[in-house]
Amino acid sequence: MTGTLAKNEKRRTPRLRRAGKGRTLRARLVLFFSVTLVVVCAAMALTTVYVQRVYLLGDLDQRVTDAAERSQGGLQRRTGDASDLGFLSERGQPAGTLAARFDDDGEVLAAEVVSQNGRQTVLSAAQRAALDGISADGSLHTRTIPGLGTYRLTAIGGDGIPVLAGLPMGNVQRMMNGLVVAEVVIAGVGLTAAACVSAIVVRRRLRPLGRVAATAADVSRTPLNRGEVTGLTRVPPADTDPGTEVGQVGIALNHLIDHVESSLGERQQTEDRMRRFLADASHELRTPLASIAGYAELMDRGSRTIAPELAWRRVSAQSARMTGLVEDLLLLARLDEGRPLESAEVNVATLVAEAVWDAQASGGDHDWRLALRLGVPSSVVGDASRLHQVVANLLANARAHTPKGTKISVIVETTDAHCVIRVRDDGPGIPPDLLTSVFERFTRADASRSRAVGGTGGGAGLGLAIAAAITEAHGGRIDVESRPGCTEFSVTLPTSGGGTPTEALRKRGHASP
């Protein structure tokens, strides 16, 4: 696990570096807003130019048509020849007005234009050539006349005299060019101001996200592959408002950091428990092995300080002690793995009574009491030998840690759903600092590792751990309450609907030593 965390930290650094080469979120947002505004402004400007151009051309076309009709009316009142364009000298003809007359074949006979000084100017042949091809059907045409510019032209005939009239498009073009310039200037200034405002707003709005990122970067620099990990940086409360997206990210990051810190704390505790477990187990096995080696050496040298029979008895006792310890460790390992226990109907009242009688026989210097409060039959489904071991360990624990004459009461209570076994004594009680860890492995009241020879699991600090593991494997629970003058262990087992004994252990998963 440590190696995996180290590899993950190594892989994370290049990824962060690569991410820094791209555009930041701030730059992308400002660019997005700017491009959007440019597109919107361009669409509005093009629409405005198009609408304005249509309007101006429509107005110009109407004036051209009016000029043609007015010219035709003027010709009807005049008595000149076919090339007479005298109507251009009448009042109301603006400068730049162009008029022409043509024959039935469409050939231009005369063409003149009103100059800026109000006089009529005859068009040259090249200029008149630009008027060819315009039929007298009232349709509007755009032609570029050399020396005069672009004109909007129309020719009308009908029942009157055919005549061509036109007005220059210079004013329209100048107005459109001015409109385009004005829109470009206004759009440029507006877009620049909008981009600056967007950059400022985005920068301010993203400052909390920057602080969240700084918190994540600070946590990523913390070594997580070794030692105890505490005090990881958290996102400040000001950046954890659930009403904002950044606040939601901050809350999620804080939850993630809490989860990582608690997981690493549990990992550290597991490693500490494993180290303590290995140290305690090694010592517990080393003590009887040292005794066996010592007695073997004495017998090998033929020492007269101890009789061979006594030495063999001591070797047998230490061997039994080591065997019992190994068997207890194997039992805990099997329970941790969730191996199935035997499953049969067990009469708890009978089992507890037999365990109390056995304890009374081996510990007659204590006052043993048994009370059966059976509302319903005290039957459970489980492993009789393991349940007997639970009761025996609790009784041995009460006898080992209380002075002579202590009253030890064992009570069996039953309900429709549970069977409860209570082991209560009026001894000195359990020290408060050990009460929370009393069911952990190798937990002992004495801090030293030296104890009297003999006993099985209790002397090594495994008795209560075994009792708790077996109880949990049967789908029950074990609790303890202690104060000076009263200590009570209670084992609660399901009387029905509990399934097989190891079902609860499978549900909770494998426990670590």
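D367 is partly exposed, at 28% relative accessibility, and in this predicted model D367 is joined to R369 by a salt bridge whose closest N and O atoms are 2.9 Å apart.

**A salt bridge between D258 and R234**

- The side chains of D258 and R234 meet in a salt bridge, with a distance of 2.7 Å from N to O.
- This pair links distant parts of the chain, since D258 belongs to helix α6 (residues 245-300) while R234 sits in the loop between α5 (207-220) and α6, 24 residues apart.
- D258 has a relative accessible area of 35%, so the residue is described as partly exposed, and R234, at 26% relative accessibility, is likewise counted as partly exposed.

- R424 and E488 form a salt bridge in which the closest N and O atoms are 2.7 Å apart.
- Here too the pair links distant parts of the chain, with R424 in strand β11 (residues 418-425) and E488 in strand β13, 64 residues apart.
- Through salt bridges that share partners, R373, E413, R422, R424 and E488 are joined into one network.

**Aromatic pairs**

- F32 and F33 form a tilted aromatic pair, in which the ring centres are 5.9 Å apart and the planes stand at 55° to each other.
- Within that pair, F33 is partly exposed, and its relative accessible area is 34%.
- F439 and F489 form an edge-to-face pair, with 6.0 Å from centre to centre and an angle of 85° between the planes.
- F439 lies in the loop between α10 (432-435) and α11 (463-473), and F489 lies in strand β13 (residues 486-494), so the pair ties together parts of the chain that are 50 residues apart in sequence.
- F439 counts as partly exposed at 22% relative accessibility, while F489 is buried, with a relative accessible area of 3%; the cut-off that separates these two descriptions is 20%, because buried means a relative accessible area under that value.

How values were computed
Residues are numbered from 1 along each chain as its sequence is written. This is a predicted model: local features need pLDDT of at least 70, side-chain atom pairs count only at pLDDT 80 or more; totals for chains, interfaces and linings use all residues. Side-chain values use heavy atoms; hydrogens and water are left out. Rings of Phe, Tyr and Trp (its six-membered ring) pair if their centres lie within 6.5 Å; planes under 30 degrees apart count as stacked, over 60 as edge-to-face and the rest as tilted. Buried means under 20% relative accessible area, exposed over 50%, partly exposed in between (1.4 Å probe, protein chains only). Helices (H or I, at least four residues) and strands (E, at least two) are DSSP runs, numbered from the N terminus. A salt bridge is a side-chain nitrogen of Lys or Arg within 4 Å of a carboxyl oxygen of Asp or Glu.
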